[in-house]
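I opened this notebook to record what I looked up in one structure.

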Amino acid sequence: MQKKCPECGAKIVGRIDKKFCSDACRNAHNNHVNKDSKNLIRNTNNRLRKNYRILEALNPDKKTKTSRAKLIEKGFDFNYFTSIYTTKAGTIYYFVYDQGYLPLEGDYYALVKRES
């Protein structure tokens, strides 16, 4: 019995455990299978990367202050961050990797960089 490629239907020649007729068909099949979950991950990582670059650009000296308006103007999305740090006093910092921000009064934010 001849095995057929699940992607294109061509007959498979070669090793007995071979599943696809070519690397191109194997890649195409796996891309179709993983498309939806990969898009979600890619979009989330792109938003995190953009947020990181914005914080990094606005905070070259590892500690500064900026306005909410400036963050939004640059395209910052407050829904995407990698971790939350709460101090003993109850102050909540939001981090995108090692770049953090702390909401202050009057729509301002303290920007910090976590030392590794």
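The entries below follow those topics in turn.

**Entry 1: the model.** I noted that residues are numbered from 1 along each chain as its sequence is written, and that side-chain values use heavy atoms, with hydrogens and water left out. The model is predicted, with local features needing pLDDT of at least 70 and side-chain atom pairs counting only at pLDDT 80 or more, while totals for chains, interfaces and linings use all residues.

**Entry 2: the sheet.** I looked up the strand order and found five strands in an open sheet, β1-β5-β4-β3-β2, with antiparallel pairing. Here helices (H or I, at least four residues) and strands (E, at least two) are DSSP runs, numbered from the N terminus. Two strands count as paired if DSSP finds at least two bridges between them. I recalled that strands of a sheet pair through backbone hydrogen bonds, either parallel or antiparallel.

Which strands lie at the edges? They are β1 (63-67) and β2 (83-86), each of which pairs on one side only.

I then looked at β3 (residues 92-96) and β4 (residues 99-103), which run antiparallel and are joined by three bridges. In this pair, V96 stands opposite Q99 of β4.

**Entry 3: two loop residues.** I checked phi and found that K62 has a positive value near 75°, although K62 is not glycine. K62 sits in the loop between α1 (23-58) and β1.

I located Y97 in the loop between β3 and β4. Y97 is partly exposed because its relative accessible area is 46%.

**Entry 4: the cores.** A nonpolar core is a set of buried Ala, Val, Leu, Ile, Met, Phe, Trp, Tyr and Cys residues joined through side-chain atoms within 4.5 Å. In soluble globular proteins, nonpolar side chains tend to be buried together.

The largest nonpolar core here has twelve residues, including L48, Y52, F78 and Y109. Both α1 and β5 (108-113) supply at least two residues of this core, and α1 gives the most, with five.

What does L55 touch? Not counting residues up to four places away in sequence, L55 touches L71, F76, V96, Q99, Y101 and L111, where contact means heavy atoms within 4.5 Å.

I also recorded a second, separate core of five residues, among them Y93, F95, A110 and V112.

Notes:
Buried means under 20% relative accessible area, exposed over 50%, partly exposed in between (1.4 Å probe, protein chains only).
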